[in-house]
Amino acid sequence: MARVSSGLQYPERFYAAASYVGFDGSPRSSAKAVRSKFKPDTALILYALHQQATVGPCNVPEPSAWNAIEKSKWSSWKQLGDMVPAEAMRLFVKLLEEEDPSWYSRASNFVADPVVDVQMNHNLKAEPVVENGTSYPETKTIATENGNSAETQDKDVVSEGLGSVAVYDQWISPPISGQQPKARYEHGAAVVQDKMYIYGGNHNGRYLNDLHVLDFRSWGWSRIEVKAGNDSPSLAKVAPCAGHSLIPWENKLLSVAGHTKDPSETIQVKAFDLQRSSWSPLKTYGKPPVSRGGQSVTMVGTSLVIFGGQDAKRTLLNDLHILDLESMTWDEIDAVGVPPSPRSDHAAAVHAERYLLIFGGGSHATCFNDLHVLDLQSMEWSRPTQQGDIPTPRAGHAGVTVGENWFIVGGGDNKSGVSETVVLNMSTLVWSVVTTVEGRVPVASEGLSVVVGSYNGEDIIISFGGYNGRYSNEINVLKPSHKSTLQSKMIETPVPDSVSAVPNATNATRDLDSEFEAGQDGKIREIVMDSPMKSKGEKSSEHVLASLRAEKEEIESSLSKEKLQSLQLKQDLADAETRNTDLYKELQSVRGQLAAEQSRCFKLEVELAELRQKLQTMEALQKELELLQRQKAASEEAASNAKQKQSSGGVWGWLAGSPPPQ
């Protein structure tokens with residue numbers, strides 16, 4: 001009998017840890033297996049603590065000196081003295097968490113839950129499972145619960161990878177090979193061609209600048225050695241940073257903003273060439289935003305939309321900037337409406353290449369769960385009404401979109417990590433809970449990253465890292481169900497004008513057809529198996545099959561109508577865009593004419609000013625002319641008077657006998 005558990009409380013947690021390490025008596029349990037996973041000194045301490053917890057103080061005779069390994073194990077156990085078993089259990093689990101922080105989430109690979117007594121069947125055929133580069137035999141067990149026997153297997157993840165996982169909307173921890181990156185949070189993550197790249201982050205307050213890649217085809221980690229570029233040898237080693245954003249663009253990875261030890265005044269943008277494996281700075285134009293971290297950076301077409309964050313002086317921001325990647329020009333946007341309050345560590349997504357959604361985030365004193373929408377055409381903020389299971393306030397969460405669904409993972413509220421993974425349908429703005437985890441697991445952390453990948457033709461959500469009391473470097477995977485993708489389409493609520501369901505019409509048709517056919521096959525099999533007589537069952541199945549086919553044709557007809565309507569909406573949208581383009585051209589023409597008229601008016605105003613000046617000069621000359629005329633008239637009058645006087649003086653002189661004047 002082997003006692004196994006994945007519970008949270010002691011002693012169950014100790015038994016789970018002991019089973020994970022290899023001290024459970026199973027075929028995995030061997031000194032060689034333990035030494036292969038831990039350093040020799042760590043393996044000795046784990047052995048001593050396990051013996052102290054399960055057996056008690058060391059009372060066995062000292063082994064002979066020629067057996068060095070047994071002598072070392074006995075010495076380690078003996079040094080624990082009279083330590084109580086409970087303390088030994090606690091120290092055993094604590095040491096394991098320090099050496100392997102992600103052990104608990106992987107413990108379910110070979111630990112049953114809840115706590116039961118499991119009869120180990122060692123005669124079953126063992127198949128190898130690769131874990132951390134080491135091959136272990138995997139044993140199927142027959143578990144007895146409530147008197148019923150059921151054949152179970154250690155979790156859904158086996159050596160074949162994720163292909164055998166049949167459970168949707170549940171987080172699992174797949175087997176990963178290669179050297180894992182250092183545990184961290186507030187890092188950057190991006191997916192390019194079935195590979196996830198991890199850059200930078202924070203570990204114990206130290207910023208990182210390493211770059212790692214996880215291949216989804218082999219689920220193996222590898223570290224990228226950065227080379228010095230031909231043009232920028234100074235960027236062979238970039239400055240460590242955290243709280244930045246990693247954006248895939250063409251054949252490059254763009255690292256935007258982030259906190260550094262020596263912050264710059266403005267946001268820096270660096271590009272990593274995936275072919276040359278070298279960093280280089282991007283030269284931008286315009287006025288760049290102030291440097292910051294914890295912002296959101298969203299790719300919309302060929303532009304990056306940056307919102308919020310916290311600068312180097314811990315000042316919270318709610319400004320909005322756009323970087324055009326074609327012209328490398330910054331533009332600060334002064335949007336209308338009420339913007340979100342200043343915040344950092346929020347999540348952002350774009351819907352229909354037009355609407356920017358901002359959810360959650362935190363300030364210095366509180367966390368938020370509000371939802372804001374920015375219309376990128378009219379540049380107007382709005383705060384729509386949320387419906388469904390509205391999430392609790394949180395910050396440090398991560399978000400990723402799958403179709404019109406926006407998945408939000410992790411985060412915290414300054415008290416504890418958020419255990420629910422929620423999804424928002426961006427068309428109906430209805431929230432729903434996808435799954436809930438228990439315990440202190442990495443997906444209930446702050447500062448984690450989530451990306452969307454593809455495996456065997458299906459979308460998967462991959463999370464990495466985070467901090468919830470300890471740093472994580474674990475990979476967790478969730479496979480979204482088709483039902484959650486189509487659920488929002490079946491809610492008969494009015495669709496707002498901000499919604500464009502055209503991009504998902506094809507996927508919806510394919511998913512609905514597959515679900516219908518699967519349900520149809522299941523019903524037919526059920527009818528045939530439950531029929532008391534074969535002939536009667538065949539007739540019944542044919543009747544049901546005919547009705548199902550008729551129903552399927554009806555559904556296909558409805559879907560065809562929806563497709564036609566979607567195509568019509570597409571055409572209307574194209575016509576509206578064409579009209580918008582024509583109106584814009586006409587507006588530009590009118591603006592040009594207005595500018596010409598303004599120039600002509602300015603010239604006329606200048607000429608009018610000159611004429612006014614000439615008129616004022618003419619008025620002054622007129623006044624001077626009138627003055628001269630008055631002076632002339634006065635002179636003429638004086639001359640006339642003098643002449644008259646002279647004439648009268650001559651007559652009297654002649655009478656008096658005086659000679660006339662010469």
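Here are some notes on this predicted model, point by point.

1. **Ground rules.** Residues count from 1 along each chain as its sequence is written, and since this is a predicted model, local features need pLDDT of at least 70 and side-chain atom pairs count only at pLDDT 80 or more, while totals for chains, interfaces and linings use all residues. Side-chain values use heavy atoms, with hydrogens and water left out.

2. A nonpolar core here is a set of buried Ala, Val, Leu, Ile, Met, Phe, Trp, Tyr and Cys residues joined through side-chain atoms within 4.5 Å. "Buried" means under 20% relative accessible area, "exposed" over 50%, and "partly exposed" in between (1.4 Å probe, protein chains only). The largest core has 41 residues, and Val21, Phe92, Trp103 and Ile461 touch the most other members. Elements that each supply at least two residues of this core include α1 (12–21), α5 (85–99) and β25 (398–402). Helices (H or I, at least four residues) and strands (E, at least two) are DSSP runs, numbered from the N terminus.

3. As background, nonpolar side chains tend to be buried together in soluble globular proteins.

4. **Tyrosine 199.** Look in strand β9 (residues 195–203) for this one. Tyrosine 199 is buried, at 0% relative accessible area. Valine 213 is 14 residues away in sequence, and the two C-alpha atoms are 8.9 Å apart.

5. **Two aspartates with positive phi.** Aspartate 169 has phi near 60°, a positive value in a residue other than glycine, and aspartate 194 also has phi near 60°. Aspartate 169 is in the loop between β6 (148–152) and β7 (171–172) and is buried at 14%. Aspartate 194 is in the loop between β8 (188–191) and β9 and is partly exposed at 33%.

6. **Aromatic rings.** Rings of Phe, Tyr and Trp (its six-membered ring) pair if their centres lie within 6.5 Å; planes under 30 degrees apart are stacked, over 60 edge-to-face, and the rest tilted. The whole structure has 12 such pairs. In one of them, tyrosine 467 and tyrosine 471 have ring centres 4.6 Å apart and planes at 45°, so the pair is tilted. Phe14, Tyr15 and Phe92 are linked into a cluster by ring pairs.

7. **Lysines over rings.** A charge sits over a ring if NZ of Lys or CZ of Arg is within 6 Å of the ring centre and within 35 degrees of the ring normal. Lysine 73 lies over the face of tyrosine 47, 4.5 Å from the ring centre. The charged end of lysine 479 sits over tyrosine 168's ring, 5.5 Å from its centre.
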